[in-house]
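Here is a short note for someone opening this entry for the first time. Please read the points with the structure alongside.

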Amino acid sequence: MAGSPAALKLNPTPGFGVSETRRMAGIGIVPSSVPDYLAGLAWAGSPAMPVFDSAAAGGIARSSDNAIPVPPWPPLAPPVSRLPKVGTTIFTVVSALAAEHGAVNLGQGFPDFDCDPRLLDEVDAAMRAGHNQYPPMTGWPALRQAISRTIALIHGAVYDPDREITVTAGATQAILTAILALVHPGDEVIVIEPAYDSYVPAITMAGAVPVFVPMTPPSDQQPTYTVPWDRVRQAVGPRTRMIIVNSPHNPTSSVFAADDLLALQQIACDHGLIVLSDEVYEHMVFDGACHESVARYPALAERSVIVSSFGKTFHVTGWKVGYLAAPAALTAELRKVHQFMVFTVNTPMQVALSRYLSDPTPWQTLSVFYQRKRDLFGAGLARTRFEPLPSRGTYFQLARYRGLVDRCGDLNEAEFCRWLTTKVGVAAIPVSAFYDEPRESGIVRFCFAKRDETLERALALLQAL
Ligand SMILES: Cc1ncc(COP(=O)(O)O)c(C=O)c1O
């Protein structure tokens, strides 16, 4: 059998696993180091080595007589995309452009300052105390208890930490988990646009269909984006299973009032809908307003899944720790998906956050912290040719750019952001990117979760326009 392909015994090629070595042998792909590859092959009962034709074109090996035959298998067909409409996100594109041109990046929504050193000390202490193995699947118990206490303190609603709260790898995982767990192929999900960019891909991955309702854009009479609840009601059909809401809202900075929650409650209860309430900016609400969580409305809370994220609240977007809060029957389904999506979320961060949450001051003072930055940036922007729109919550500021047409020409929002980044040196995000089919409103989004010096540097560039 020596020399026969049937007797081929594969040893892993250095740097490659057995299966990769087998695959390379089977389809004749030679790694960059051919000697390494050959050294990984041995013929059973024979020291003979396969010989490859060095004239192989384009890196594809042809075997000679006593070498491995290359069967005439066709190359792997390109994968059928689960998300054919998805490309690189606008946030990645703008951030890359900002880096390339050395622009001040007010595009992507993350702070350019660090978190409280006490929180870092808690992580360090947790790691050194040996909290480095898997936590319970549902989340570190003390963190679930702390989340439950915080919700009760703010909204007067009681979520059982054992049966109704689940710690997730940020809000993005929480959103995907909720949609995969509760929405079925063919179901419809109402998405109010402009909308955060993970909702629609999650709906698509669940085999469901997004139904879009645009917010009413700002006008001279009504300077903020509002939700047209009558149009939301009209969008409900026999297949509607879920409605996704987000307040405080990215990208518009609008904040739900009690009337919005009552309208939502009426529609959800009339039609038996689940509400997915994205509340990641819950602690950033300005001018003395309060965050109207669905948790405050018992009939609504009964059918709602709340999503939040510590990344936004404690300036640690890279930690990716968030949570789901939902009634026990819904949570039971959420956890089935969570268990096989990530199983658990890193332990030391959870331990640290559970301890850090015992002091309410950091989240209680967050609105004041960001309101000062909003005022600094908004006042500066008002001295430019941009027209700032009201920012009622989040760390975003919208602005119209129609006053700049003599400088840049008649550009759509994406073109304008490219011009602003490359020619002016300040990166912003087009609001049109938050629509399934881009809609032009001549409005862009700036993120003011930045050091004062960063904001002042950006303002100096914008004021020079
Ligand atoms: C509205 C909204 N939801 C969810 C997320 C995702 O949060 P996380 O980073 O915790 O996944 C973001 C992040 O920008 C957001 O703006």
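1. Buried residues make up 42% of the 465 residues in the protein. Keep in mind that this is a predicted model. The secondary structure comes to 18 helices and 17 strands. Among the contacts with a separation of 6 or more, 69% join residues 24 or more positions apart.

2. Start with the open sheet. Seven strands form it, in the order β6-β12-β11-β10-β9-β7-β8. Their pairing is mixed. Which strands stand at the edges? They are β6 (165-168) and β8 (209-214). Each has a single partner strand, so one side of each is left without a neighbour in the sheet. From one strand to the next, the twist averages 20 degrees.

3. Next, follow the pairing through the sheet. Strand β7 pairs with β9 in the parallel sense, over four bridges. Here V191 stands opposite I244 of β9. Strands β9 and β10 also run parallel, joined by five bridges. M242 has I274 in β10 as its bridge partner. Strand β10 (residues 274-278) pairs in turn with β11 (residues 304-309), parallel again, over four bridges. D278 has V307 of β11 as its bridge partner.

4. Helix α5 (residues 141-155) packs on this sheet. It touches β6 and β12 (322-325). The direction of α5 makes about 115 degrees with that of β6.

5. How many residues of β9 are buried? Six of its seven residues are, so β9 is largely enclosed by the rest of the structure. Helix α13 (residues 347-356) is a second case: nine of its 10 residues are buried, so this helix too is largely enclosed. The buried residues of α13 are T347, P348, M349, Q350, V351, A352, L353, S354 and Y356. What covers them includes α4 (117-128), α5, β6 and α11 (310-313).

6. Now look at helix α17 (residues 413-424). Its residues E413, F416, C417, L420, T421 and V424 are buried. Why do they lie on the same side of α17? They cover an arc of only 130 degrees around the axis, which puts them there. The spacing fits a general rule. An α-helix has 3.6 residues a turn, so residues three or four places apart point the same way. The buried residues of α17 pack against several elements: α3 (90-101), α16 (405-408), β15 (426-427), β16 (429-430), β17 (443-447) and α18 (452-463). G425 follows the helix, and its phi is positive, near 95 degrees.

7. Two cis peptide bonds deserve a look. One runs from E193 to P194, with omega near 5 degrees. P194 lies in the loop between β7 (188-193) and α7 (199-205). Another runs from N250 to P251, with omega near 15 degrees. P251 lies in the loop between β9 (240-246) and α9 (258-271).

8. Check the backbone at K320 and T394 as well. Phi of K320 is near 55 degrees, a positive value in a residue other than glycine. K320 is found in the loop between α11 and β12. T394 has a positive phi of about 70 degrees, and it is not a glycine either. T394 sits in the loop between β13 (387-388) and β14 (396-400).

9. T394 has 29 C-beta neighbours inside 10 Å and counts as buried. The cut-off explains the two labels: a residue is buried if 20 or more other C-beta atoms lie within 10 Å of its own.

Definitions and conventions:
Residues numbered from 1 in each chain as written. Predicted model: local features only at pLDDT ≥ 70, side-chain atom pairs only at ≥ 80, totals over all residues. Helix = DSSP H or I, 4+ residues; strand = E, 2+ residues; numbered from the N terminus. Buried ≥ 20, exposed ≤ 12 C-beta atoms within 10 Å, placed from the backbone. Contact = placed C-beta atoms within 7 Å. Pairing = 2+ DSSP bridges. Axes fitted to C-alpha atoms, helices over the stretch in contact; angles between N-to-C directions. Arc of directions from axis to C-beta.
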